Amino acid sequence: TEYGHPAEVIADVFNCSVAEAEDIISQIAASRTSDANTPACAEDPMPSRNSDFTAALEAYLRHLAADRHAAVPETSRYGYLQTLLNAAGEQLTGQRVHAVIHPANSGAGIPDFGLYAAQQPDDARPQHGVIEAKPTSADVRAIARSEQVRGYLHHYRLVLVTNYFQFLLVTLGDDGQPRLEEEYRLAESEAAFWQASQNPRQLAR
């Protein structure tokens, strides 16, 4: 699916139902509406998990925009992406998922991230697949068809390819070739993303 709903990406990567993923997104949307109509003095002093995720997304965007011209385009942003992924993993009911940067080589090289179940040892093969992250200038579809991702697919079965604003889920087809699944975009192009990231709060919502 070229323009998959974000719920489908969340469901596939974190191994939860689409209904559960949609419920998370609906609650986030509802909390935004509630926040907009609630006086500051009447706000709940204890933030919900959903508001924590929205705040994590805003912080992620703010960091990317601030470091755009000062940081190495790929590796220096790993920490920001890890924090965002862990915030998403915390939204899942009953089966938390967390991201580990450069998981141990279990036979197919060292991916950028591994997605682990909450009780899974970090030195095991990541249960929820791996992530290949490239600079924002990269074409996620071209990366998805690369030999590097193909090798990960044969070993891990599930790869999330990202350039930090586009997220493409890739699985291994019956023919042994990469199969492009759901895709979610924060913006339609790199230029549009950097422009929108100047207002991270609005983009996060």
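Begin by selecting the six strands, which form an open sheet of mixed pairing in the order β1-β2-β3-β4-β5-β6. The model on screen is a predicted one. Colour β1 (97–101) and β6 (178–185) next: these strands stand at the edges with a single partner strand each, so one side of each has no neighbour in the sheet. Looking from one strand to the next, the twist averages 25°.

**The helix α4**

Which residues of α4 are buried? Display Y78, Y80, L81, L84, L85, A87, A88 and G89 to see them. When judging directions along such an element, recall that an α-helix has 3.6 residues a turn, so residues three or four places apart point the same way.

**Strand β4**

Now select residues 158–162, strand β4. Five of the five residues of this strand are buried, so β4 is largely enclosed by the rest of the structure. In a regular strand the side chains alternate between the two faces of the sheet. Show the side chains of β4: L158, L160 and T162 point one way, whereas V159 and V161 point the other way.

**The partners of β4**

Turn to β3, residues 130–133, which runs parallel to β4 and is joined to β4 by four bridges. The bridge partner of V130 is V159 in β4, and I131 stands opposite L160.

What lies on the other pairing, between β4 and β5? Here the two strands pair in the antiparallel sense over five bridges. Select L158 together with T171, the β5 residue that stands opposite L158. Then follow the chain through the hairpin that β4 and β5 form, with three residues between the strands. Stop at Y164 in the turn, where phi is positive, at about 85°.

**The helix α6**

Finish with residues 147–156, helix α6. This helix lies across β3, β4, β5 and β6. With β4 also displayed, compare the two directions: α6 runs at about 150° to β4.

How values were computed
Residues numbered from 1 in each chain as written. Predicted model: local features only at pLDDT ≥ 70, side-chain atom pairs only at ≥ 80, totals over all residues. Heavy atoms only, no water. Buried < 20%, exposed > 50% of the residue type's maximum accessible area, 1.4 Å probe, protein only. Pairing = 2+ DSSP bridges. Axes fitted to C-alpha atoms, helices over the stretch in contact; angles between N-to-C directions. Contact = heavy atoms within 4.5 Å.
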